[in-house]
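I opened my notebook to get to know a new structure. Here is what I looked up, entry by entry.

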Amino acid sequence: MGKLLIVGTVAFDEIETPFGKTDKILGGAATYIGLAASQFDVDSAIISIVGDDLPQEYLNLLTDRGIDISALEIVKGGKTFFWKGKYHNDLNSRDTLATELNTLEDFNPVVPEDYNDADVVMLGNLHPIVQMGVIKQMKKRPKLIILDTMNFWMDNALSDLMAVIKHIDVLTINDEEARQLTGEYSLVKAAQKIFTMGPKYVVIKKGEHGALLFNEDQVFFAPALPLEEVFDPTGAGDTFAGGFSGYLAASDDNSFENMKKAIIHGSNLASFSVEKFGTERMISLDRKEIRERLHQFKKLTQFDIELQ
């Protein structure tokens with residue numbers, strides 16, 4: 001069983017979409033990544049920080065799925081990171097209504113002894129200095145370091161972000177962020193420029209239009225499954241990252257061919273995540289449903305054609 005170390009937020013979200021709105025519910029990058037990765041036979045742990053206002057049932061939810069939370073720091077009297085947002089009718093754009101860093105403001109990650117030899121490190125969207133701090137604590141170089149980031153860090157901590165990108169194997173960002181990071185409109189050219197920054201692989205997420213995987217002169221495109229209803233896209237990207245990293249940690253194969261499969265597994269799990277608010281759908285998900293939908297993905301792209 002491969003070891004997966006997950007770094008990211010465990011948080012409260014308050015979400016409004018055209019289909020309704022929630023009160024404070026469980027969210028955070030590490031939460032979604034962990035729940036998705038738990039669908040594979042992988043030994044995983046989360047590094048994060050919360051206040052003692054996070055209900056015990058949320059912690060139990062993680063441990064019940066075999067996720068080690070010994071490195072989840074609980075600050076007595078502290079408040080958990082909180083994000084509030086409202087999605088527009090197309091669900092592709094949103095307005096951030098509130099962001100409260102709370103305990104996250106002074107977060108200094110500590111890698112647990114049992115995971116400083118992890119095979120795969122999944123660095124969820126956080127300040128690049130925090131991400132670098134985790135890399136420096138690893139006892140040996142992980143087989144794979146995956147980093148997720150966003151335009152906020154490109155705007156506010158670009159030099160720190162560029163420093164950490166030098167040390168990773170896979171960068172996952174969306175198409176808009178790839179263009180901002182590189183100044184290239186063509187995603188092919190953007191990926192090529194990112195290779196010069198350090199990563200061997202680049203995953204560019206295109207939301208409802210799927211995802212692209214680049215490695216040197218190789219390119220793979222994975223579609224997104226057309227869905228009848230999308231209720232909440234909040235955790236889709238992190239769920240994708242959890243499926244991607246969880247599958248790679250479980251399979252212990254970091255070849256381009258296996259990463260193609262990992263992209264499909266990530267896309268598959270993300271297609272479930274958006275069906276209900278927050279983590280609700282990921283909590284109820286079972287492996288039979290996952291297998292059935294994987295068959296749908298296969299049918300979506302499988303065809304016979306005669307080539308002369």
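**Burial.** I began with how much of the protein is tucked away: buried residues make up 54% of its 308 residues. Buried here means under 20% relative accessible area, exposed means over 50%, and partly exposed lies in between, with a 1.4 Å probe and protein chains only.

**Ground rules.** I noted that this is a predicted model, where local features need pLDDT of at least 70 and side-chain atom pairs count only at pLDDT 80 or more, while totals for chains, interfaces and linings use all residues. Residues are numbered from 1 along each chain as its sequence is written, and side-chain values use heavy atoms, with hydrogens and water left out.

**Overall build.** I found 11 helices and 15 strands in the protein; these are DSSP runs numbered from the N terminus, helices being H or I with at least four residues and strands E with at least two. I then looked up the radius of gyration: the value is 18 Å, close to the 19 Å that the globule rule gives for 308 residues, so the protein is as compact as a globular protein of that length. The radius is taken over C-alpha atoms, and the rule is 2.2 Å times the number of residues to the power 0.38. I also wrote down the box filled by the C-alpha atoms, roughly 70 × 45 × 40 Å along the principal axes.

**Helix H6.** Next I turned to helix H6, residues 175-182, and its buried residues: Glu177, Ala178, Leu181 and Thr182. They cover an arc of only 115 degrees around the axis, which puts them on the same side of H6. The arc is that of the directions from the helix axis to the C-beta atoms. What covers these residues? I listed helices H4 (151-156), H5 (158-165) and H7 (187-195) among the cover, along with strands E12 (170-174) and E13 (201-205). Contact means heavy atoms within 4.5 Å.

**Phenylalanine 195.** I stayed in that area, as this residue is found in helix H7. Leaving out residues up to four places away in sequence, phenylalanine 195 touches Lys200, Tyr201, Val202, Phe214, Asn215 and Glu216. I also checked leucine 171, 24 residues apart from phenylalanine 195 along the chain: their C-alpha atoms are separated by 9.5 Å.

**Threonine 279.** My last stop was the loop between helix H9 (256-273) and helix H10 (280-284), where threonine 279 has its place. Is threonine 279 buried or exposed? I found it buried, with a relative accessible area of 6%. Setting aside neighbours within four places in sequence, threonine 279 is in contact with Leu26, Thr31, Tyr32 and Leu35.
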